Amino acid sequence: MRTRIGKGAALGLATVTVAVLLSGCGGDGESDEERVDAALEAVLKQYRPRFEQRRVALGAAASRLSEGRPGENSCDRALDPRPDFQSFDHQSLALDSYNSPGRGGNVDIVSASEARVPERIVDDPGVKLGRFAVAPGWLIRGLWVTGSQGPLGTNRFEVTSRYGYEPYKGAEEDPVRRLRKMLDVGLHKSYAALFRVTDYREPGRPGDEAAIVKAEVFLADLVTGDVLCRFTAAGKPLFVTGHWYSTTPYEDMQRSFQLDVSRKVAALASS
């Protein structure tokens, strides 16, 4: 498994095995490295069926979006469990709030156009992309690493170094337990917020007041594949006329968009 993963492979599994494992052989002639690789592969095989169910539900929800009535800020039924979306700071992967499945919210977020093909979701979205995107959450990462393009398949999907660091670094040293925690966090997501961009004006320079993203958002059930709620959300860079502006406008748009989604989900859940 180790040789098939390679540097920068999905979820940083290669980094885990290279950085943590010690070489040497046991009494059975198998090295510590080989034993841990086998254990990691066993975990991926164990979790794969549950992520495949999530993959099917995500695709089913995406295919039903045309049936929705976006902008109504409403849900078709009471939501149980209560949805909780928290914006994800991908530059702080080892934050305690993401060290257990029950923390960090139970809603993931993904572009509706990419929901059926999570392996194609851009892993390092930025202004050079030319469109609006948000970084993939733990559900999507679990779909990557257990999917056909992950270590159990072609191993052709790789993440950039920015998102290739080992999750839970410092919180869980054992690579097998760390992988289980990562996958458990992904499976804890009961819903997906599928967003469909309706207006995107890319920030041309710091302080560009015209920059904005607007989107229709659909809350999908990751068990049944049903589209439960629909609302709109928007994001803009931080800017105060004549005084101050952010030097990271695209990242501001990503964060403010996710915060708006979080507020709308909370309001729908309590109504």
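## Helices on the sheet

Helix α3, formed by residues 32-63, lies across the strands β2, β3, β4 and β5, and its direction makes about 45 degrees with that of β3. Helix α6 (residues 249-270) also packs on the sheet, where it touches β1, β2, β3, β4 and β5. The direction of α6 makes about 140 degrees with that of β5. Contact here means heavy atoms within 4.5 Å; axes are lines fitted to C-alpha atoms, for helices over the stretch in contact, with angles from 0 to 180 degrees between N-to-C directions.

The model is predicted: local features need pLDDT of at least 70, side-chain atom pairs count only at pLDDT 80 or more, and totals for chains, interfaces and linings use all residues. Residues are numbered from 1 along each chain as its sequence is written, and side-chain values use heavy atoms, with hydrogens and water left out.

## The chain as a whole

The secondary structure of the protein chain comes to six helices and seven strands. These elements are DSSP runs, numbered from the N terminus: helices are H or I of at least four residues, and strands are E of at least two. Read from the N terminus, their order is α-α-α-β-β-α-α-β-β-β-β-β-α.

The protein chain has 271 residues, of which 51% count as buried. Buried means under 20% relative accessible area, exposed means over 50%, and partly exposed lies in between (1.4 Å probe, protein chains only). Among the contacts in the protein chain with a separation of 6 or more, 71% join residues 24 or more positions apart.

## The five-stranded sheet

Five strands form an open sheet in the order β1-β5-β4-β3-β2, with mixed pairing. The edge strands are β1 and β2 (107-111), each of which pairs on one side only. Two strands pair if DSSP finds at least two bridges between them.

Strand β5 (residues 227-235) is mostly covered, with seven of its nine residues buried. On one side, β5 pairs with β1 (residues 74-75) in the antiparallel sense over two bridges; here C75 stands opposite C229. Strand β4 (residues 212-221) also runs antiparallel to β5, and eight bridges join the two. In that pairing, L219 stands opposite C229. The hairpin of β4 and β5 has five residues between the strands, and G225 takes a positive phi near 80 degrees.

## An enclosed helix and its neighbour

Helix α4 (residues 138-146) is largely enclosed by the rest of the structure, because nine of its nine residues are buried. Its buried residues include W138, L139, R141, W144 and T146.

T146 is also a contact of E52, a residue found in helix α3. Leaving aside neighbours within four places in sequence, E52 is in contact with T146 and G147. E52 and T146 are 94 residues apart in sequence, but their C-alpha atoms are 8.2 Å apart in space. E52 counts as partly exposed, at 30% relative accessibility.

## Two loops

The loop between β2 and α4 holds G126, which is buried with a relative accessible area of 16%. Not counting residues up to four places away in sequence, G126 touches R131 and Y250. G126 is 128 residues from Q254 in sequence and 9.3 Å from Q254 in space, C-alpha to C-alpha.

P81 lies in the loop between β1 and β2. The peptide bond from D80 to P81 is cis, with omega near 5 degrees.

## The second largest cavity

There are three cavities of 30 Å³ or more. On a 1 Å grid over the protein atoms alone, a cavity is a set of points where a 1.4 Å probe fits but cannot get out, and lining residues have an atom within 4 Å of a point. Grid points are joined across faces, edges and corners, and a volume is the space filled by probe spheres set on the points.

The second largest cavity has a volume of about 50 Å³. Among the residues lining this cavity are I109, V110, S111, E114, I140 and F195. Strand β2 gives the most to the lining, with three residues. By class, the lining has nine nonpolar, one polar and one charged residues; Ala, Val, Leu, Ile, Met, Phe, Trp, Tyr, Cys and Pro count as nonpolar, Asp, Glu, Lys and Arg as charged, and the others, Gly among them, as polar.

Note on methods:
1 Å grid on protein atoms, 1.4 Å probe; cavity = no way out; pocket = protein on both sides within 12 Å on 5 of 7 lines; lining within 4 Å.
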